[in-house]
Amino acid sequence: MQKPQSEKITKIHLTKEKLREVCGEQIFSRGFEYVCSKDLRKRVVFKNSLFAEVRGNYGVYKTQLLVAGDKIYPSCTCPAEMYFCKHAVALGLTWIKEPQSFLNVEDLLKSLKSKTKAELIDIIRQMVVKSQNVLSVFGIKEFEDYNDEEEEEYFDDEDNEMER
Ligand SMILES: [Zn+2]
């Protein structure tokens, strides 16, 4: 018997070799510290992206890896100035080792199909109470995530520098 989850997991074709090639030996080995660690939490997979929070030396960082075919695009809120940081490496390696430890958002969304409208509205209510930032999905500008905007700019700048 095959678990329904396993077919989705293969959507991200990530190998250790590929990761090492993209980020370089030094950063690659520095990532080991957090691989499958308790400090790498809230592991999520959604389509071809991986997300997690990492408790680092100076705070909690949001780390993300987008895998598009042969390309890997990292992003992280940590202060490291490298394009690829050790947290993003750890996220990728943790995915390779323990894919079952990631929450699959597509599965979660599927499970919502059986909910009634009233149940869904209640879920939305709970989300709004938990974080007012979610109000931005309704197109309410005032609630758009301030930090996200800043982060995007930051990463754009870095991308440009990489191309130069
Ligand atoms: Zn980082």
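This note sets out the main features of a predicted model of a protein chain.

1. Overall make-up. The protein chain holds seven helices and five strands. Read from the N terminus, its elements follow the order α-α-α-β-β-β-β-α-β-α-α-α. Of the 164 residues in the chain, 21% are buried. Where contacts join residues at least 6 apart in sequence, 57% of them link residues at least 24 apart.

2. Helix α4: geometry. Helix α4 covers residues 86–97.

3. The buried residues are Lys86, His87, Ala88, Val89, Ala90, Leu91, Gly92, Leu93, Thr94 and Trp95.

4. The nonpolar core. The largest nonpolar core has 24 residues, and those touching the most other members are Leu50, Phe84, Ala88, Val89, Ala90 and Leu91. Two or more residues come from each of α2, β1, β2, β3, β4 and α4. The greatest contribution is that of α4, which gives six residues.

5. Phe84 within the core. Phe84 is one of the core residues that touch the most other members. Apart from neighbours within four places in sequence, Phe84 is in contact with Val22, Cys23, Ile27, Pro74 and Val89. Of these partners, Val89 is itself among the core residues with the most such contacts, and Val89 is also one of the buried residues of α4.

6. Lys42. The backbone at Lys42 deserves a look, as this residue has a positive phi of about 50 degrees although it is not a glycine. Lys42 belongs to strand β1 (residues 40–46). It is exposed, since 12 other C-beta atoms lie within 10 Å and a residue with 12 or fewer counts as exposed.

7. Lys47. A positive phi of about 50 degrees is also found at Lys47, again not a glycine. Lys47 is located in the loop between β1 and β2 (49–56). Lys47 counts as exposed because it has 12 C-beta neighbours inside 10 Å.

Technical notes. Residues numbered from 1 in each chain as written. Predicted model: local features only at pLDDT ≥ 70, side-chain atom pairs only at ≥ 80, totals over all residues. Helix = DSSP H or I, 4+ residues; strand = E, 2+ residues; numbered from the N terminus. Buried ≥ 20, exposed ≤ 12 C-beta atoms within 10 Å, placed from the backbone. Contact = placed C-beta atoms within 7 Å. Expected span 1.5 Å × (residues − 1). Core = buried A, V, L, I, M, F, W, Y, C linked by C-beta atoms within 7 Å.
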